[in-house]
There are 2 protein chains.
Amino acid sequence: MNQLRWDPNLREWVAYATHRQDRTFLPPAEYCPLCPTKPGGFPTEVPREHYDIVVFENKFPSFSPDAAEPDEAGSSLAPTAPGRGVCEVVLYSDDHDATLAGLSERCIRNLIEVWADRYMELGALDFVDYVFIFENKGEAIGVTLRHPHGQIYAYPFIPPRPKRELESAREYREDHGGCLHCDLLSGEFSDGRRLVEKGEHFAAFVPFYARFPYEVHLYAHRCMPCIADLNGDERRDLARVLKRVLAVYDVLFDKSLPYMMVMHQAPTDGKDHEGVAHFHIEFYPVNRTAEKLKYLAGSETGAGVFVVDDLPEATAQKLREAAVRTST
Amino acid sequence: MNQLRWDPNLREWVAYATHRQDRTFLPPAEYCPLCPTKPGGFPTEVPREHYDIVVFENKFPSFSPDAAEPDEAGSSLAPTAPGRGVCEVVLYSDDHDATLAGLSERCIRNLIEVWADRYMELGALDFVDYVFIFENKGEAIGVTLRHPHGQIYAYPFIPPRPKRELESAREYREDHGGCLHCDLLSGEFSDGRRLVEKGEHFAAFVPFYARFPYEVHLYAHRCMPCIADLNGDERRDLARVLKRVLAVYDVLFDKSLPYMMVMHQAPTDGKDHEGVAHFHIEFYPVNRTAEKLKYLAGSETGAGVFVVDDLPEATAQKLREAAVRTST
């Protein structure tokens, strides 16, 4: 059962997926459904002994391609709609103990091909308006399967957060004639204090207005709407800078850092987003210290106001110091 | 140091409070700074042997009345501002092991007086545009002090989430001539499936578009902008319905349930919010089952799309079943 309900207060869709309550929850490693199927062993999601990268449809999807019209019609104030969309799982490696940070640049480069391919294929579906590529890493974020994997949600609408970003960028273009993200990036270059890694085609920085203490944004230098637009050189550089940021994260507190990684790019709603959508990746690690987490509590959840304990200039400095330690 | 920074992508203020990193973190009960000061014992925040309700300024405030102009000016794209405001702590009881649910109706009635008083007094400050009364309960929400207490943040701006609600209600009034919240409440009454508790002046229900499985909204029947507008009967009924909802929560999974409780009411920005702001309380418990939590992960945080495992009609039913158990 996949259903959308309209919240008339926040004017956003909320998604319901009742079968997800029964999804597999932190199984022991020997019963991992994302590992390869071993000869004579129990059949996993992947009927092969080895694999590099595998993409398959989530067995407990938040959105489904054949979602039916809901029984519940709702009201004119709060209507419902089918929870139509696609949810895919992207296995990064057949090694149960691998992490994205530990993959070779070549493997990450292949993953970028897969992400670009999925963006194009899912985005071409007539009921998909936004392809959202992301990873939840670590039990602190609530992952239910430890095997290294990311996810893709192909939503039937433009989600509220990217939507607000796009509206800001569109108004900015109308008022100033340029790309909001290009101008933010150039501000980070000239300031320099929040830069974490500067590659040939991609740069990673702590945004001036970070909501999580160690939040990092990874921007393409060239203004392009989506991951599929990256050329070969850019894909190679993205693999390098992505791996670099993740290596820095794991050195920061000397442990494999839990994070959310999300990609913001052009909607696939058939409209023109050139010069407004600017492909970028955002990382939200939930640790505020090695031991303490940043919680989204009353102020963040009920008011929408994030309160942060550390200034972005200070956390960027700590990330650069961690970067030095990665190479020693 | 209290500073605001403007996020030009989401067009929201983010608050920084760098001294908060050192705040007291889950001290043992005998060193609780919120307990009464015992004769010969270490001095706590309250220099008395007993108290009913105490309100004092947070020692580690997210906003401060005398916040200075930030050293960091920011840019025209992302300006800064002083993090001016007031953060208060509201101690519910001098009993370290008490909870709001366990207080008598009379005590909660007194607490409502305190909340109304603080709303008026803080709201009258010229730099305060919104008085946000809330409670984070339980370590699952990230509370750092276990002693029963709530908080008040007096923000220098209208926070994004109530702001969106108010905008929706204002447009609704322009288009339909009525109050959005009154119409939502009357829809809940005529449907009935999501009602949890119906009092003489207040009703509690799971909203049709709940983001947390056991989310409950507590609406005043009469359309009034803020808690200070409640008359004596309404305050008594609010105490009763509030205690009832909390009792049901604690019976639901047979444990003291962690939750966020937030109040949405009229801004104190000097503008007219009559017929648009409708005083209500929202509860967001983070449990989706007795043992499992709802995490705000990639889809919720990075896209803004909540995915919920349970339909509001089903969770309201479970809450009503729990309500029956409270009285047996």
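Predicted model: local features only at pLDDT ≥ 70, side-chain atom pairs only at ≥ 80, totals over all residues.
Residues are numbered from 1 along each chain as its sequence is written, and chains are lettered from A and ligands numbered from 1 in the order in which they are written.

Let's start where the chains meet. Chain A puts 64 residues into the contact and chain B puts in 64 residues; two residues are in contact if their C-beta atoms, placed from the backbone, lie within 7 Å. On the side of chain A that touches chain B, helix α2 (residues 160-176) of chain A gives the most, with six residues. Helices (H or I, at least four residues) and strands (E, at least two) are DSSP runs, numbered from the N terminus. Val308(A) has Tyr16(B) as its bridge partner in β2(B).

Now for the sheet in chain A. Nine strands form an open sheet in the order β3-β5-β7-β6-β11-β12-β10-β9-β8, with antiparallel pairing; two strands pair if DSSP finds at least two bridges between them. At the edges sit β3 (54-57) and β8 (195-198) of chain A, each pairing on one side only. Inside that order, β5 (residues 86-91) and β7 (residues 149-155) of chain A share six bridges in the antiparallel sense. Val86(A), for one, has Ala154(A) as its bridge partner in β7(A).

Next, some loop residues. A residue is buried if 20 or more other C-beta atoms lie within 10 Å of its own, exposed if 12 or fewer, and partly exposed in between, with C-beta atoms placed from the backbone.

| Residue | C-beta neighbours within 10 Å | Class |
|---|---|---|
| Asn58(B) | 19 | partly exposed |
| Arg11(B) | 13 | partly exposed |

Asn58(B) is in the loop between β3 (54-57) and β4 (80-82) of chain B. Beyond its neighbours within four places in sequence, Asn58(B) is in contact with Cys87(B), Glu88(B) and Val89(B).

Then there's phi. Most residues other than glycine have a negative phi. Asp254(A), in the loop between α4 (232-252) and β11 (259-264) of chain A, has a positive phi near 60°. Arg11(B), in the loop between β1 (2-7) and β2 of chain B, has a positive phi of about 50°.
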